[in-house]
Amino acid sequence: MKKFKPSEEVDFVVIGSGAGGAVMAKQLAQAGFSVVVMEQGPWGAYGHEQDYNKDELINRFPSEEDMLMSDHAKQPNTFRRTAAEKAVAGHHSYGCVVGGGTVTYGASSWRHLPWEFNEASTFGTMAGTGIADWPISYDELEPFYTQAEWEIGISGPNVQNPNLAPMSKGYPMEPLPLKSSGFLFQRAAEKLNLSVVPNVAAIITKPWNGRAACINCGMCSGFGCQTKARSSSAVALLPYAVDTGNCEIRAHSYVREISTDASGKATGVVYFDKKNNNQEVFQKAKVVVLSANGTETPRLLLLSKSARFPHGLANSSGIVGKYLMTGNGGGASGLFTDPLNEYKGCVTGAAILDYVPNDVKGRGWYGGGRMTARGFTMPIAYGLGGVHGAPSWGKGYKQALIEQANRKLYVANFISQMPLETNTVDLDPDVKDAWGLPAMRITTQSHENDMKGVDFFIEKSVEILKAAGAHTVWADTARDSTGGAHARGTCRMGNDAKSSVVNKYHRAHDVPNLFIVDGSSLVTGGRNHPTMTISALAFRAAAHLVEAAKKGNVTI
Amino acid sequence: MAGSTAPSDSRRSFLLKSFSASSAAWLAANWPAEVAAAEMAQKMGGFTYFTPEQAREIDAMAAQIYPTTDTPGAAEAQVIYFIDLALVTFAADKQAVYAKGFGELAQACGGKSFAALPSGEQIKVLTSIEKTAFFRTVRDHTVMGMFSSPQHGGNFRKIGWQQIEFDDSLNFRAPFGAYDKA
């Protein structure tokens, strides 16, 4: 791997190596530019993926070097529902390893639908919310969805369904197995006149770019993939960036500031070199690309304040960190007579898409969601918290645990959430991380509209489980989100510098050479499956940036 | 000791033998001295963290938390070995909870040994302390000992996994279950 000196001015420094950052690094490096990728997490099993751990206990209690998710002990975050409350210890976490969240994610890879880019003009807005049209259309992004699907390796069904986005080119390979959950969905769908579509996943089902097809090992979501069948950034993108000889990945490198000069241009980044006694290093760069995820990206901008940018970098609008969407869930569990064996293979087999569209008049609330189903995937997690309607220990616990284990299906829904100005990521005034930096504070309370959506999907889940033949059903209690890996919207894209953070090319309105490319760019949240759209946005951003950089002026 | 019968040789050395190369390396990298001590203790038939008396109490608690019914329970799954090793490895931060908990348990038993109480009395005692951090920790450790890989000391002969029909094979082919058979 090419190594750069920090004093050497590289063309691009990319902060973050996940779904957004890895695409940017690869596209920029392949275009001939010098790139340094900063990743605060460890290497994971990058380049020796067979060593990824499949042991659930080790996964729950990883050593520092084996951690794949953010470390609460060192980087705590805080949580509160509203600005009137004092925040308490939070549980938000995100992928924190070379490859970011794509190393461990469930890998569902749905496109946004065309109208998800202009919901405001299609369905109207709602008072008190930040629903707005995107500055780009589905048609503008479509070629980059296709590019992302074929370069990254996405499996999915080539079927016609009004609730699937139109595609200029089909998926490159067959979907994963439907699983028992998909077949049970089909049973219900026949009775209820719904349609079931196999899952779209960043998991390959045939040999692809030197990687072998998925062997359905289980222990999938939450674990690294030993066979490289999951098309994570770490196997599908970063190695190609490194192979150019133009790109260095620096793991254990925790960026604490994007530096700027007197003219307001970004000059590089200051980071803690964790493996070198946390020494502070300045990496000089012509252009900075920020892809640290929907929560760390706004935090870093707020940390990067200066005399010129007193409210944080790129924050003249005051909306950096606002309009946070973490997405809502909620569903129901049902017991079936025969073994499901849902722990085999990847987590999701199929989805019901009938409630993806907006139907404000019909349902009385704005938004929609995608329905999926799963059984238990991890024995310890199931034993600790997965048993319904039983005591937590003793004979009753054991009996229920055994009865429910392999016969219980959970309908898990991915539900839209309104962008609200009051839902934010900012800096906690009291709590500091292990490096002395202010911790991330999450403030989030769903609009009452969204809780109607949660109730709707809980009800539908019960109905579907019963139609599928479940003899016992438990409805979830509706719960509002407290954070989570699908954070979006915190540096929203727009044409107006007063009401958005980045323009349609992902350039910060306020900074001529800073690009922000990750979940934070999303204006509205879709149906809570963001990764494919982040990948497509990054391919599109990279195409414009490469073209501009080749002409010698990135201020697009 | 579990069941207060002399452990068989295979049982004593079970943990040591069953360490896979990768997990032994993982453990050794993180807690080399403790793991060496634990291995030695297992070889000798003893415990690393617990005294024999403490082990008897925790083993009896685990046996009520996940009881032996018409199928094996925590005693047969050797959960006590799992917990003993846990307390010197990934759960070392819970030592204080156990240290304090033995006092709470003795108090709840009126100074008697919990393990020596009849089963019905044991359930009463545990019910009286079920909201304590100590009980909750032992409960969670018992569950983990039932359902984690046998290489961590519990789930002997995959007893726990068999009960929930979990197959730890490294790959599968669809159909996976009863409902996806075409």
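**Terms and their grounds**

Guide: In this predicted model, A:N278 counts as partly exposed, with 13 C-beta neighbours inside 10 Å. A residue is exposed at 12 or fewer such neighbours and buried at 20 or more, so the value for A:N278 lies in between. A:N278 is placed in the loop between β8 (266-273) and β9 (279-290) of chain A.

Visitor: Why is A:M219 called buried?
Guide: A:M219 has 22 other C-beta atoms within 10 Å, and the cut-off is 20 or more. A:M219 is therefore buried. A:M219 sits in the loop between β5 and α6 (233-236) of chain A.

Visitor: What is noted about the phi of A:M219 and of A:N278?
Guide: A:M219 has a positive phi of about 45 degrees, and A:N278 has a positive phi of about 60 degrees. Most residues other than glycine have a negative phi.

Visitor: What makes the peptide bond from B:A174 to B:P175 cis?
Guide: The omega of the bond from B:A174 to B:P175 is near 0 degrees. B:P175 belongs to the segment after α10 (159-163) of chain B.

Visitor: How do you know that strand β13 (residues 408-415) of chain A is largely enclosed by the rest of the structure?
Guide: Eight of the eight residues of β13(A) are buried, so the strand is largely enclosed. A:K408, A:Y410, A:A412 and A:F414 point one way, whereas A:L409, A:V411, A:N413 and A:I415 point the other way, and all are buried. In a regular strand the side chains alternate between the two faces of the sheet.

Visitor: What makes strands β10 and β12 of chain A partners of β13(A)?
Guide: Pairing requires at least two bridges. Strand β10 (residues 332-335) of chain A is joined to β13(A) by four bridges, and strand β12 (residues 369-374) of chain A by six bridges. Both pairs, therefore, meet the requirement. β10(A) and β13(A) run antiparallel, as do β12(A) and β13(A). A:A332 has A:V411 as its bridge partner, and A:R374 stands opposite A:Y410.

Visitor: Why are β5 and β16 of chain A called edge strands?
Guide: The open sheet of six strands has the order β5-β11-β12-β13-β10-β16 in chain A. β5 (196-198) and β16 (472-475) each pair on one side only. The partner of β5(A) is strand β11 (residues 350-352) of chain A, joined to β5(A) by three bridges. In that pair, A:P198 stands opposite A:A350.

Visitor: Why are helices α5 (residues 179-192) and α12 (residues 448-468) of chain A called roughly perpendicular?
Guide: The axes of α5(A) and α12(A) come within 8 Å and cross at roughly 100 degrees. Angles of 65 to 115 degrees count as roughly perpendicular, so α5(A) is roughly perpendicular to α12(A). Residues making the contact include A:L184 and A:F185 of α5(A) and A:I464 and A:A467 of α12(A). By class, the contact has seven nonpolar, no polar and three charged residues.

Visitor: How do you know that the radius of gyration of chain A agrees with that of a compact globule?
Guide: For 556 residues a compact globule would have a radius of gyration near 24 Å, and chain A has 22 Å, which agrees. Buried residues make up 59% of chain A.

Definitions and conventions
Residues numbered from 1 in each chain as written. Chains lettered and ligands numbered in written order. Predicted model: local features only at pLDDT ≥ 70, side-chain atom pairs only at ≥ 80, totals over all residues. Axes fitted to C-alpha atoms, helices over the stretch in contact; angles between N-to-C directions. Helix = DSSP H or I, 4+ residues; strand = E, 2+ residues; numbered from the N terminus. Parallel < 35°, antiparallel > 145°, perpendicular 65-115°, else oblique. Contact = placed C-beta atoms within 7 Å. Nonpolar A, V, L, I, M, F, W, Y, C, P; charged D, E, K, R; others polar. Rg over C-alpha atoms; globule rule 2.2 N^0.38 Å.
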